[in-house]
Amino acid sequence: TSVEAAENQPTYQVWEFDQSTEQHVQFCVPMPRNYNNGTITATIYWTAASSSGDVVWGISGRAFSNDDAIAQALGTVVEVTDTLTATNDVCVSSATGAITLAGSPADADMWQIQVDRVAADGSDTLGADARLFSIVIHYTTDSAVAG
């Protein structure tokens, strides 16, 4: 969804996650050769246009190497809960716990990442759409390998 903050103000792109429906978005990221093939964490950037409360976000993913079949399951979902600080303000979650990617991560793999709003979780109390701006993926590099 494209959202205009106000006339002559920034327009931004978001994915809207309903308050009562399990929804997700997926995207692919090619990784550098110097990723150490270990666990990752993620930080969520989001907002909401109304209401108050908490949103429970879930992150999972899979690593794909050359010639891997695409139709495979993602890894275990790791959740993070964040509170809407004010409507139409940027909210930034804490980093998730360690996320283990399914597959066998290897140098220069492509990752498929899925972000969910876990609306059925009792801790998800935001009575409005949660608008996802983006996520930051945190990973460790292998200093012995050039990017």
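Colleague: How many bridges hold β5 and β8 together, and is the pairing parallel or antiparallel?
Modeller: In this predicted model, β5, which covers residues 41-47, pairs with β8 over 2 bridges, in the antiparallel sense.

Colleague: Which residue in β8 is the bridge partner of Trp46?
Modeller: Cys91 is the bridge partner of Trp46 there.

Colleague: What's the strand order in that open sheet?
Modeller: The open sheet has 4 strands with antiparallel pairing, and the order runs β3-β10-β5-β8. β3 (15-17) and β8 (91-92) are the edge strands, each pairing on one side only.

Colleague: Zooming out, how many helices and strands does the protein chain have?
Modeller: There are 0 helices and 10 strands.

Colleague: What does the C-alpha trace span, and what share of the residues is buried?
Modeller: The C-alpha trace spans about 45 × 35 × 25 Å along its principal axes. Of the 147 residues in the protein chain, 37% are buried.

Colleague: And among contacts between residues at least 6 apart in sequence, what share joins residues at least 24 apart?
Modeller: That comes to 80% in the protein chain.

Colleague: Switching to aromatics. How many aromatic pairs are there?
Modeller: The structure holds 6 aromatic pairs. One of them is Tyr35 with Tyr139, an edge-to-face pair at 5.8 Å centre to centre and 85° between the planes.

Colleague: Where do Tyr35 and Tyr139 lie?
Modeller: Tyr35 is in the loop between β4 (23-30) and β5, while Tyr139 is in the segment after β10 (130-138), so their pair ties together parts that are 104 residues apart in sequence.

Colleague: Is Tyr35 buried or exposed? And what about Tyr139?
Modeller: Tyr35 is buried, with a relative accessible area of 1%. Tyr139 counts as partly exposed, because its relative accessibility is 33%.

Colleague: What's the geometry between Trp111 and Tyr139?
Modeller: Their ring centres are 6.0 Å apart and the planes sit at 85°, so that pair is edge-to-face. Trp111 lies in strand β9 and Tyr139 in the segment after β10, so this pair ties together parts that are 28 residues apart in sequence. Trp111 counts as buried, because its relative accessibility is 0%.

Colleague: Back to Trp46. Which residues form an aromatic cluster with Trp46?
Modeller: Phe17 and Trp57 form one aromatic cluster with Trp46. Phe17 lies in strand β3 and counts as buried at 2% relative accessibility.

Colleague: What does Phe17 touch, leaving out residues up to four places away in sequence?
Modeller: Its contacts include Gln23, His24, Val25, Trp57, Val115, Asp116 and Leu132. Separately, Phe17 and Ala48 are 9.8 Å apart in space, C-alpha to C-alpha, and 31 residues apart in sequence.

Colleague: Buried or exposed? And where's the nearest side chain of opposite charge?
Modeller: Asp116 is buried and has no salt bridge. The nearest side chain of opposite charge is Arg117, 11 Å away, whereas a salt bridge needs the atoms within 4 Å.

Colleague: So which side chain makes a polar contact with Asp116?
Modeller: Gln114 does, side chain to side chain at 2.9 Å.

Colleague: And which residues does Asp116 touch, not counting those up to four places away in sequence?
Modeller: Asp116 touches Phe17, Gln23, His24, Val56, Trp57, Gly58 and Val77.

Terms used: Residues are numbered from 1 along each chain as its sequence is written. This is a predicted model: local features need pLDDT of at least 70, side-chain atom pairs count only at pLDDT 80 or more; totals for chains, interfaces and linings use all residues. Side-chain values use heavy atoms; hydrogens and water are left out. Two strands pair if DSSP finds at least two bridges between them. Buried means under 20% relative accessible area, exposed over 50%, partly exposed in between (1.4 Å probe, protein chains only). Lys and Arg count as positive and Asp and Glu as negative; His and the chain ends are not counted. A polar contact is a pair of N or O atoms within 3.5 Å; within protein, one must be able to donate a hydrogen and the other to accept it, and residues adjacent in sequence count only if both atoms are side-chain atoms. Contact means heavy atoms within 4.5 Å. Rings of Phe, Tyr and Trp (its six-membered ring) pair if their centres lie within 6.5 Å; planes under 30 degrees apart count as stacked, over 60 as edge-to-face and the rest as tilted.
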